[in-house]
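Hi,

Here is the structure for your files. My notes follow below it.

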Amino acid sequence: MHFDEIQSKHFVTLSRTPLPHTLIEQALVAMGGGGNDGMNFRKQALAAAGWSHDGLVPFAKHPEKAAEAFNRLREAMAGAESADALLKALGAE
């Protein structure tokens, strides 16, 4: 999967078209099986990519850290065909 590079400004910008991090989140939910399983996988993948905050902390509060985590996800997703492969690429088992 190809996604554009995520910049910290994306987390404080409103746009009619989905920004790359939104597309990555949607792909993570789908990769994790959708529904609650997909949302749990999304949280697990974000944590493996370096996002250390829980779901109550918005990405805009720490945009630099969020951009780093999403860019790690973006790179790992380029070669990962499955949820397990993605977690393995991120160094989580």
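Which residues have the most contacts inside the largest nonpolar core? They are Ile24, Leu28, Phe41, Phe70, Leu73, Met77 and Leu86, in a core of 26 residues. (A nonpolar core is a set of buried Ala, Val, Leu, Ile, Met, Phe, Trp, Tyr and Cys residues joined through side-chain atoms within 4.5 Å; buried means under 20% relative accessible area, with a 1.4 Å probe and protein chains only.)

First, the ground rules. This is a predicted model: local features need pLDDT of at least 70, side-chain atom pairs count only at pLDDT 80 or more, and totals for chains, interfaces and linings use all residues. Residues are numbered from 1 along each chain as its sequence is written, and side-chain values use heavy atoms, without hydrogens and water.

Helices H1 (20-31), H2 (35-48), H3 (63-77) and H4 (83-89) each supply at least two of its residues. H3 gives the most, seven. (Helices are DSSP runs of H or I, at least four residues, numbered from the N terminus.)

Leu86 touches Leu28, Met31, Phe41, Ala45, Leu73, Ala76, Met77 and Ala80, leaving out residues up to four places away in sequence. (Contact means heavy atoms within 4.5 Å.)

Next, the helix packing. The axes of H1 and H2 come within 7 Å and cross at roughly 120 degrees. (Axes are lines fitted to C-alpha atoms over the stretch in contact; angles run from 0 to 180 degrees between N-to-C directions.) The contact uses Glu25, Leu28, Val29 and Met31 of H1. H2 brings Gly35, Gly38, Met39, Phe41, Arg42 and Ala45.

Regards

Notes:
Buried < 20%, exposed > 50% of the residue type's maximum accessible area, 1.4 Å probe, protein only.
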